[in-house]
Amino acid sequence: MAMLEVKDLEVYYGVIQAIKGISFHVDKGEVIALIGANGAGKTTTLHTVTGLLSPKKGKVIFQGKDITKVPAHKIVSMGMAHVPEGRRVFAELSVYENLKMGAYTRTDKAEIEESLKSVYKRFPRLEERKNQMAGTLSGGEQQMLAMGRALMSKPSIILMDEPSMGLSPILVNEIFDIIRSVSESGTTVLLVEQNAKKALSIADRAYVLETGNITLEGNAKDLLEDDSIKKAYLGE
């Protein structure tokens, strides 16, 4: 059974239809990439899956439960974490306080401490800067903080929206290495990313979204070799 299933999803902004009846699934343990140009509907899809937007039609099924009408904060406690586009860290709070905010749905203090140690191990820079205000971090460090904060909720699936946006090539490589290691440690990943080459290089499968429709899907390695993908998204 798929961990996450999106069925015939239609989403509107007023009279404008942003998502036009898309369906896709994410199996446990997979890294799935959702690629496409700006305005294709990638962020809208993530916002609908995580309960921030309501679809006009269609369903979102998570671990066998229909969560289409479940509010966003309850979806987090069910095991889904969202790393939003633009990072959205709490600028006036310290790195440590941001991370603790990620665990707000959890109650076991010892387990939260274990998660904190594990985040610091994965992101040593966050431990070095734990007392620093999040707003003073570099873009790459803020991205690490946003990912660390999401991992503090101990999710079974993590949805990431444009994690490489605005980062230098060296940092982009580092962020993608971290995404790969998050997946290898057992967390399922749904990745929205404009850097199609990077996304396809770490994904198992991928879906191509164009103006609200899924136009192509398949094994990520095959899509990397697909001429139409090379031309449209890989600059080849």
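## Pockets and an open sheet

The lining of the largest pocket divides into 12 nonpolar, 7 polar and 4 charged residues (Ala, Val, Leu, Ile, Met, Phe, Trp, Tyr, Cys and Pro count as nonpolar, Asp, Glu, Lys and Arg as charged, the others, Gly among them, as polar). The model is predicted, and totals for linings use all residues, whereas local features need pLDDT of at least 70 and side-chain atom pairs pLDDT 80 or more. Residues are numbered from 1 along each chain, and side-chain values use heavy atoms, without hydrogens and water.

A pocket is an open set of points on a 1 Å grid over the protein atoms alone where a 1.4 Å probe fits, with protein on both sides within 12 Å along at least five of seven lines; lining residues have an atom within 4 Å of a point. Volume is the space filled by probe spheres set on the points, which are joined across faces, edges and corners.

| Pocket | Volume | Largest share of lining |
|---|---|---|
| Largest | About 590 Å³ | α2, 4 residues |

Of the 23 residues lining the largest pocket, V76, H82, P84, Y104 and R149 lie nearest its centre. The lining of the second largest pocket includes S115, R122, K154 and T187, and divides into 3 nonpolar, 5 polar and 2 charged residues.

Helices (H or I, at least four residues) and strands (E, at least two) are DSSP runs numbered from the N terminus. Four strands form an open antiparallel sheet in the order β2-β1-β4-β5, where pairing requires at least two DSSP bridges. Its edge strands are β2 (16–26) and β5 (65–66). Strand β1 (residues 4–13) is joined to β2 by 8 bridges, and E5 has H25 of β2 as its bridge partner.
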